[in-house]
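Subject: Structure for you to look at

Dear colleague,

Here is the structure I said I would pass on. Please open it first; my notes on what was found in it follow below.

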Amino acid sequence: MPVFAKPGDTWEELVEKYTIYKFLIRRVELGIRDEAARELFMELQTGNISLDAIEEIICHCCYNGATVIYKLQEELAKCQ
């Protein structure tokens, strides 16, 4: 089950979270900001968002989601 919403989140908070993650994922996809992939990876590591939730957002907002997954894999390799 995708981790995205926390108990008690309001509709406005959910929309704000989605928007933040959507644009972070788009920056990763397009290579707009070098640290965007690292930032997204840290959100994933801390449990603020799940890989399932990232994949769902990718399906709705990216043209080349494989790029995002590849860059997250690169971040994982740096940590090992």
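E39 has its place in helix α2, which covers residues 36–45. The model is a predicted one, and that applies to everything below. At 36% relative accessibility, E39 counts as partly exposed, because the range for that label lies between the 20% limit for buried and the 50% limit for exposed. Leaving aside neighbours within four places in sequence, E39 is in contact with L24 and R33. A5 is 34 residues away from E39 in sequence, and their C-alpha atoms are 19 Å apart in space.

Now the protein as a whole. There are four helices and zero strands, so the order of elements from the N terminus is simply α-α-α-α. The C-alpha trace spans about 35 × 25 × 20 Å along its principal axes. The radius of gyration is 12 Å, which agrees with the value near 12 Å that a compact globule of 80 residues would have. Of these 80 residues, 29% count as buried. The protein exposes about 5,300 Å², and carbon and sulfur atoms supply 58% of that area. If we take contacts between residues at least 6 apart in sequence, 61% of them join residues at least 24 apart. As for charge, there are 9 positive and 14 negative charges, and their mean positions are 4 Å apart.

E29 is found in helix α1, residues 11–30. Is E29 buried or exposed? E29 counts as buried, because its relative accessibility is 9% and the label requires a value under 20%. Not counting residues up to four places away in sequence, E29 touches C62, Y63, N64, G65, T67, V68 and K71.

The side chain of R26 makes a polar contact with the side chain of E29, at 2.5 Å. Leaving aside neighbours within four places in sequence, R26 is in contact with C61, C62 and Y63.

The last two residues, V3 and I49, touch each other. V3 lies in the segment before α1. At 32% relative accessibility, V3 counts as partly exposed. Which residues does V3 touch, not counting those up to four places away in sequence? They are G47, N48, I49, S50 and A53. V3 and A53 are 50 residues apart in sequence, yet 6.1 Å apart in space, C-alpha to C-alpha.

I49 lies in the loop between α2 and α3, the latter being residues 51–61. With a relative accessibility of 2%, I49 counts as buried. Leaving aside neighbours within four places in sequence, I49 is in contact with V3, F4, Y21, E43, L44, I54 and I57. For Y21, which is 28 residues away along the chain, the C-alpha separation from I49 is 9.0 Å.

Those are the notes for now.

Regards

Methods: Residues numbered from 1 in each chain as written. Predicted model: local features only at pLDDT ≥ 70, side-chain atom pairs only at ≥ 80, totals over all residues. Heavy atoms only, no water. Helix = DSSP H or I, 4+ residues; strand = E, 2+ residues; numbered from the N terminus. Buried < 20%, exposed > 50% of the residue type's maximum accessible area, 1.4 Å probe, protein only. Contact = heavy atoms within 4.5 Å. Rg over C-alpha atoms; globule rule 2.2 N^0.38 Å. Areas by Shrake-Rupley, 256 points an atom, 1.4 Å probe, with all protein chains shown as cover. Lys, Arg positive; Asp, Glu negative; His and termini not counted. Charge placed at Lys NZ, Arg CZ, Asp CG, Glu CD. Polar contact = N/O pair within 3.5 Å; in protein donor to acceptor, adjacent residues only side chain to side chain.
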